[in-house]
Amino acid sequence: MDAEQEKPPENERRRGRAHDPEGHRRAVLEAARRLFAAHGYQGVSIRAIAAESGVTPGLVMAYFGSKDGLFRAVVGEGTGVTAHVLDEAGNDPAGLPQALAHSYLDRWDRLSAQDPLAALIRSALNHPPSAEQLAELLERLVTGPLTGVLGESQEARARIGLIRSILFGVIMERYLFAHEPARSVPTAELEPLLTAVLTAAVGGPEAPTAPAPAPARAPTPTPAPAPAPESTPPDYAPATDADTRVFAALTDCAARYRVLIGRVVKRHGIGLAAFEVLAELRRAGAPYRRTMSELAAAGAVRAGGMTQHADRLAGAGLIERERDDRDRRVVWLRLTPAGRDLVDRVAEERRAGERELLDRLRPDERRRLDVLLGALGRTLAEPTDAG
């Protein structure tokens, strides 16, 4: 019997492969990890991943549902606040700072610079769809698990936002940008310092509500008696802590709101930054046009990215370029009827989402929020004495 006769029929070979679904799944994940790291999210197709892993595109879709689902599986493995981190912390806020510091430093010390997560973070800096995808991953892999430990109160949400900012800052400074001195600090020295910072962010029983007495402070002629455990701490302590909580909460709310709007806009095939260009043109009123410098000055998008957004929007038929009749050097961007229709449809969907969010507040809470945010806005608009 020759070699060709010894081979099993093709259909039998296929049935044999089908009996190892877990092996195929691992092969797809490994192939996807290599390709995403080498070419980025946008540069990789399901067909290429299937060919690299030796399976069919349909099988990849059956396992992960979509390229986005596959990417999430690749990036999510061992990423964020994993079950291992929570077990190490004993699902207790008191153990969370050390577990987080150790886990993040250990993982990123070993992580390849070409890891898909590192590639996603880099691309998120100037690619709105990547930024939205990163925000969703952080919400699922970091905010979700931390909420299970710290709770869902307003203060807990502010603390989670602060924890995320600390960890993300370390990743950016130490590993992605490799800035000094963060890059060169030995892990053994950095870990206890990061633990101390995270302990302050987490709070809990070990974090005193009043500051400890400061021996270096100059004595006053008539020192006040030490406050009782239940009394109000010195004026500067709650003010500083309250200020931190307020602006951490505002920052977190703004980030969550941008993610919400980004999801609405994404359903219409454009990114959030591009939509803000369209929205600014709509706000300009008839004939719905502005120059690129006017759009940049209004904060619609950074000046460096304006031409790229204008090219894409013009290609989609959402805006048109017009030369000024009196000065041919001036180019106007004008919203087309299709662009106005898109802005209006997105605005209605956004308002529906906003109403749904605000409906969870009582009428009196909504009124207080409106008044307080208005007062803060006026305060921020006032000139300061600084500088």
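1. **The loop between H11 and H12.** Alanine 178 sits in the loop between H11 and H12. Look at its backbone in this predicted model. Alanine 178 is not a glycine, yet its phi is positive, at about 55°. Most residues other than glycine have a negative phi. Proline 181 has its place in the loop between H11 and helix H12 (187–202). The peptide bond joining glutamate 180 and proline 181 is cis, with omega about 5°.

2. **Another cis bond.** Where does proline 287 lie? Proline 287 is in the loop between helix H14 (272–283) and strand E1 (289–291). The bond from alanine 286 to proline 287 is cis, and its omega is near 5°. Most peptide bonds are trans. Find both places in the model: glutamate 180 to proline 181, and alanine 286 to proline 287.

3. **H9 against H11.** Helix H9 covers residues 116–124. The axes of H9 and H11 come within 12 Å, and they cross at roughly 100°. An angle from 65 to 115 degrees counts as roughly perpendicular, so H9 and H11 are roughly perpendicular to each other. From H9, the contact uses Ala118, Ile121 and Arg122. From H11, it uses Phe168, Ile171, Met172 and Leu176. By class, the contact of H9 with H11 has six nonpolar residues, no polar ones and one charged.

4. **H4 against H5.** How do these two helices pack? Helix H4 spans residues 46–53, and helix H5 spans residues 57–64. Their axes are 8 Å apart, at an angle of about 105°. H4 and H5 are therefore roughly perpendicular to each other. Ile46, Arg47 and Ala50 of H4 meet Pro57, Val60 and Met61 of H5. The contact of H4 with H5 divides into five nonpolar residues, no polar residues and one charged residue.

5. **The cavity.** How many cavities of 30 Å³ or more does a search of the whole structure find? The search finds one. The largest cavity holds about 40 Å³ of space. Its lining is made of Tyr104, Leu105, Leu167, Val170, Ile171, Tyr175 and Leu194. Two elements give two or more residues to this lining: helix H8 (96–110) and helix H11 (154–176). H11 gives the most, with four residues. What classes of residue line the largest cavity? The lining has seven nonpolar residues, no polar ones and no charged ones. Note Ile171: this residue lines the largest cavity, and Ile171 of H11 also takes part in the contact with H9.

6. **Confidence.** How far does the predictor trust its own model? The chain has an average pLDDT of 76. A score of at least 70 is reached by 78% of the residues. Two stretches need care. Over residues 1–17, pLDDT stays under 50. The model has four contacts beyond four places in sequence for residues 1–17. Over residues 205–239, pLDDT again stays under 50. For residues 205–239, the model has ten contacts beyond four places in sequence.

Note on methods:
Residues numbered from 1 in each chain as written. Predicted model: local features only at pLDDT ≥ 70, side-chain atom pairs only at ≥ 80, totals over all residues. Heavy atoms only, no water. Axes fitted to C-alpha atoms, helices over the stretch in contact; angles between N-to-C directions. Parallel < 35°, antiparallel > 145°, perpendicular 65-115°, else oblique. Contact = heavy atoms within 4.5 Å. Nonpolar A, V, L, I, M, F, W, Y, C, P; charged D, E, K, R; others polar. 1 Å grid on protein atoms, 1.4 Å probe; cavity = no way out; pocket = protein on both sides within 12 Å on 5 of 7 lines; lining within 4 Å. Points joined across faces, edges and corners; volume = space filled by probe spheres on them. pLDDT = per-residue confidence, 0-100.
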